[in-house]
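Here are my notes on the model you sent. Please read them with the structure open.

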Amino acid sequence: MKKKRILLLSEGFGTGHTQAAHALSASLRRLSSDVQPRVIELGAFLHPTITPWVLSAYRKTVSSRPKLIGFIYKTQYNRSLNKFTQLALHRLYYTEAAEIIRQLRPDGIVCTHPFPSIVVSRLKRLGLDVPLFTVITDYDAHGAWVSSEVNRYFVSTPEVRRILAGHGVPDHKIEVTGIPVHPNFWEKRNKDEARAKFMLQKMPTVLIMGGGWGLFRNESLLRHIVKWKDRLQLIFCMGDNRKALNKLLHDKEFSHPNVRLLGFTREIDELMEVSDLLITKPGGMTCTEGMAKGIPMLFYNPIPGQEQQNCKYFIERGYGEELKSLDTIDQWFRLLVERYPEVEKRRLALTREMSRYNPQRCSRAILESLGVHVT
């Protein structure tokens, strides 16, 4: 039997979109041996020289001028991309994307970022006959996601379904599946083995994630956190931010047995398993992974727009709170040091709440839409 080819398209504007694509790829393979998924970051694949420059400029703008990003997000909320952006996408993508799709001959295309969804939608208007599924990776839905050529939308919550309907998307095209996370986050890990793997102690542990999106540029915040190193175990996960990682590696304040400084890693699930608190930017993917592991979260400086909506969603459901001052850190850290059983009890409650979320649902919905048997 010929395997169904599934092309998963993303973009590198933040790691969450591509993480979602890889999570779907792994889940699809696990659920069926009759599929052949492939993940491509469309911009980086087609334009490996230009795209890193564009992403770097975007990242700097997000970090230095978040209010501008929020203003644009808000003013364009109910609209698709403006004509200038559509023209840029046309110049950069359409001809090359059409050729890639012709060569790969997918039976279905899944987009986890609005840019490739817009590109494929245009190609469908020009005659491409391939089902297009769009997975929204936040707890909000900007108008840029919306196109009449999308066959199915898979969204995080009933509220996002209502927002899409408000944008004019027919109800029968929208399915609430939750944001997909990698199968590694579905599974319960052995904490002692994970601690031994990372040379960690059995003690209250905080995981700090921020990569290149602002958290590790806040030196006063980092120095306040590290003051607790004699009483807490601190894991700083720097992602691809090598500059920040090298700086902390050469800083005596961060040279301590209870401090771990890590670069990019694919083992976030294990680090979350052994941690008792997560400090992070409220990206949709990272927060969903934290939810899957039942870990309480502190949300750092949400960018106006989708991060604020993500933050609001998780705070309202008791998964954490916004980090508004250094006092918030001190309150949580004292709780970990002085009343650790309360934190463990809270985590168990969050884990039970999480049991209602089916992390396979999005993958199953895609397979069912393509007529693929699920094992």
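This is a predicted model: local features need pLDDT of at least 70, side-chain atom pairs count only at pLDDT 80 or more; totals for chains, interfaces and linings use all residues.

1. Numbering runs from 1 along each chain as its sequence is written, and side-chain values use heavy atoms, without hydrogens or water.

2. Look at helix α12, residues 284-292. Helices are DSSP runs of H or I, at least four residues, and strands are runs of E, at least two, numbered from the N terminus. In α12, 9 of its 9 residues are buried (under 20% relative accessible area, 1.4 Å probe, protein chains only). Among them are C287 and E289.

3. F133 sits in strand β4, residues 132-135. Its relative accessible area is 3%, so F133 counts as buried. Beyond its neighbours within four places in sequence, F133 contacts (heavy atoms within 4.5 Å) residues including I109, F154 and L370.

4. The structure has 8 aromatic pairs (ring centres of Phe, Tyr or Trp, its six-membered ring, within 6.5 Å; planes under 30 degrees apart are stacked, over 60 edge-to-face, the rest tilted). Y139 and Y313 are stacked, 4.4 Å centre to centre with 20° between the planes. They lie 174 residues apart: Y139 in the loop between β4 and β5, Y313 in helix α13. Y313 also pairs edge-to-face with F314, at 5.1 Å and 85°. Y139, F299, Y313, F314 and Y319 form one aromatic cluster.

Terms used:
Buried means under 20% relative accessible area, exposed over 50%, partly exposed in between (1.4 Å probe, protein chains only).
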